[in-house]
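Have a look at the fold below and follow along. We'll go from aromatic rings to a helix and then to the pockets.

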Amino acid sequence: MAPLRQTMVQAMCQHGFSLRTQHSYLYVVTALARYYRRSPDQLKVEDLQVFYNYLVQERSLSPASCRVYLHGIRFLYLKVLHWAHFDVTLVLPKRPQRIPELLTRQEVARLLAAVLNLKHEALLSVTYGCGLCVNEAVAAKVKDIDGERHLLRIEQGKGAKDRIVFLAPGLLQALRRYWQICHPMLWLFSSDLLPDRHLHITTPQKVYHTANTTSGIEKCGGIHALRHSYATHQPRRPDATRVDGLHPTLPEPGRKRSGLSGSLHSPNRHQ
């Protein structure tokens with residue numbers, strides 16, 4: 001399957017797929033090959049239908065996991081093997097609709113106070129204070145922070161898009177304190193074992209769950225709850241309460257949002 005794998009990797013790169021998507025698609029195609037013990041280019045539509053029925057009925061995979069298998073295998077046959085059609089039906093059980101359990105401002109403050117490691121506290125603070133996805137938070141770079149304009153640039157974040165978010169004064173001050181003590185160089189949150197790489201996304205997830213337990217918060221959900229809470233905690237009136245100054249102030253009309261300059265190591269600015 002090695003030549004087919006390489007061809008698929010090239011096709012995914014041409015389509016601009018992220019590394020995470022590439023790994024997921026290669027995983028499902030490898031699972032398909034192992035199930036039949038032969039190369040996927042030797043299979044027929046009927047074989048694929050049997051495999052999908054196996055995923056749903058015998059393995060009882062979640063709808064989200066089944067869709068990853070569907071999209072990965074569909075990409076292989078339509079874009080790599082150039083099938084004219086992909087007539088495979090994937091019938092999934094109805095996906096339950098759940099409303100995430102949001103944290104209150106007081107619970108967010110308790111959760112952050114329960115984190116004793118300075119790097120981890122700064123990481124969760126940025127995740128909440130800027131409303132970031134976990135992969136955006138761990139991939140933040142020191143140079144992406146504009147201390148003069150209170151901005152953080154997110155490169156190739158959700159949806160493979162660049163965007164700019166605002167840093168509240170309290171959050172910027174916390175990041176400067178973190179920089180003065182830990183002195184991050186390239187990555188804002190680098191790995192202790194591999195300093196030239198940023199933290200893996202599992203690290204903030206584990207930190208969040210530990211802090212959640214330590215602070216006595218019994219609500220379900222993972223670190224993405226911080227992003228949901230950020231959205232609901234945005235002040236709708238001038239006198240709205242904020243969490244330790246972590247929420248950004250909306251920009252003044254006509255204020256420029258580009259031309260990033262400055263950095264964390266400008267502690268005297270805006271003081």
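Phe-75 has a relative accessible area of 7%, so Phe-75 is buried (that is, under 20% relative accessible area with a 1.4 Å probe on protein chains only; over 50% is exposed and in between is partly exposed). Tyr-25, at 13% relative accessibility, counts as buried too. This is a predicted model, where local features need pLDDT of at least 70 and side-chain atom pairs pLDDT 80 or more, while totals for chains, interfaces and linings use all residues. Residues are numbered from 1 along each chain as its sequence is written, and side-chain values use heavy atoms, with hydrogens and water left out.

A search of the whole structure turns up 12 aromatic pairs (rings of Phe, Tyr and Trp, the last by its six-membered ring, with centres within 6.5 Å; planes under 30 degrees apart are stacked, over 60 edge-to-face, the rest tilted). Tyr-25 and Phe-75 make a tilted one, 6.1 Å centre to centre with 45° between the planes. That pair ties together distant parts of the chain, since Tyr-25 sits in helix 2 and Phe-75 in helix 4, 50 residues apart (helices are DSSP runs of H or I, at least four residues, and strands runs of E, at least two, numbered from the N terminus).

Another tilted pair is Phe-51 with Tyr-52, at 6.2 Å and 50°.

Now for helix 3, residues 45-58. How far apart are its end C-alpha atoms? They are 19 Å apart, which agrees with the 20 Å that 14 residues should span at 1.5 Å a residue (the expected span is 1.5 Å times one less than the number of residues). Asp-47, Leu-48, Phe-51, Tyr-52, Leu-55 and Val-56 are buried in helix 3. An α-helix has 3.6 residues a turn, so residues three or four places apart point the same way. The cover over the buried residues of helix 3 includes helix 2 (19-36) and helix 4 (63-80). Just after helix 3, Ser-60 takes a positive phi of about 55°.

Helix 2 turns up again at the largest pocket, where it gives the largest share of the lining, six residues. The lining has 33 residues, with Ser-18, Leu-19, Arg-20, Asn-135 and Ile-201 nearest the centre. Helix 2, helix 7 (134-138) and strand 2 (151-154) each give two or more residues to this lining.

Key: Contact means heavy atoms within 4.5 Å. On a 1 Å grid over the protein atoms alone, a cavity is a set of points where a 1.4 Å probe fits but cannot get out, and a pocket is an open set with protein on both sides within 12 Å along at least five of seven lines; lining residues have an atom within 4 Å of a point.
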